[in-house]
Amino acid sequence: MQLKRTAQAKLPTIWGDFIIVGFEELRTGNNHIALVFGNINNKNPILARIHSECLTGDAFFSVRCDCGFQLTAALKAIVEENMGVLLYHRQEGRNIGLLNKILAYELQDKGCDTVEANYNLGFNADERDFTLCADMFKLLDINKVRLLTNNPRKVEILKKSGINIIERVPLVVGRNPKNACYLNTKAEKMGHLLPKS
């Protein structure tokens, strides 16, 4: 286990009343959170989203990615389901960090796609560690998951980490002229299951 569960509290939102649960990485002290809605301990498969932190999309409403759209759609879907969890995986910019993400944006503004920009900065296309998310599920006593994702890599890593993925639920939202290249790169170079524009 790479994490410990630290605290929880009520978190009312515009979609409904969640419980926010904090987690701390044992090795680094980095923190992550879960937003829990309804009774997730009834042993039914849980609708869940792993949402990687994206300050620009989540807080500043950037349309150069689909992150903010996915966050909103996932929270709405969980509330409509009357039960579910959103793991807020705090690995900004596919885990290259916020300032490197801005450098990657600068390279994208000059013609690179997201994968090329990461390579030019000395990173892999995706540096995220989804095994942390498997530990978060385990600490929440969740084993059966209906995962809101377009990323088959998430499904594969969670399964290898002992999480029973019952279903992959597509989350295709937010395509616009500003993020079409970004989404096409996700599909073509990273294997995300997205329609081609």
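I began with the domains: the lining of the largest cavity draws at least three residues from each of domain 1 (3-91 + 128-190) and domain 2 (99-127). The domain bounds come from an automatic or database domain assignment. I noted that this is a predicted model, where local features need pLDDT of at least 70 and side-chain atom pairs 80 or more, while totals for chains, interfaces and linings use all residues. Residues are numbered from 1 along each chain as its sequence is written, and side-chain values use heavy atoms, without hydrogens and water.

A cavity here is a set of points on a 1 Å grid over the protein atoms alone where a 1.4 Å probe fits but cannot get out, and its lining residues have an atom within 4 Å of a point. I searched the whole structure and found one cavity of 30 Å³ or more. The volume of the largest cavity is about 420 Å³, counted as the space filled by probe spheres set on the points.

Which residues lie nearest its centre? I found Cys 67, Arg 94, Arg 128, Tyr 182 and Lys 186, out of 28 lining residues. Helix H4 (98-109) gives the most, with four residues. Helices are DSSP runs of H or I with at least four residues, and strands are E runs of at least two.

E6 and strand E7 (residues 164-169) pair in the parallel sense over five bridges; pairing takes at least two DSSP bridges.

Notes: On a 1 Å grid over the protein atoms alone, a cavity is a set of points where a 1.4 Å probe fits but cannot get out, and a pocket is an open set with protein on both sides within 12 Å along at least five of seven lines; lining residues have an atom within 4 Å of a point.
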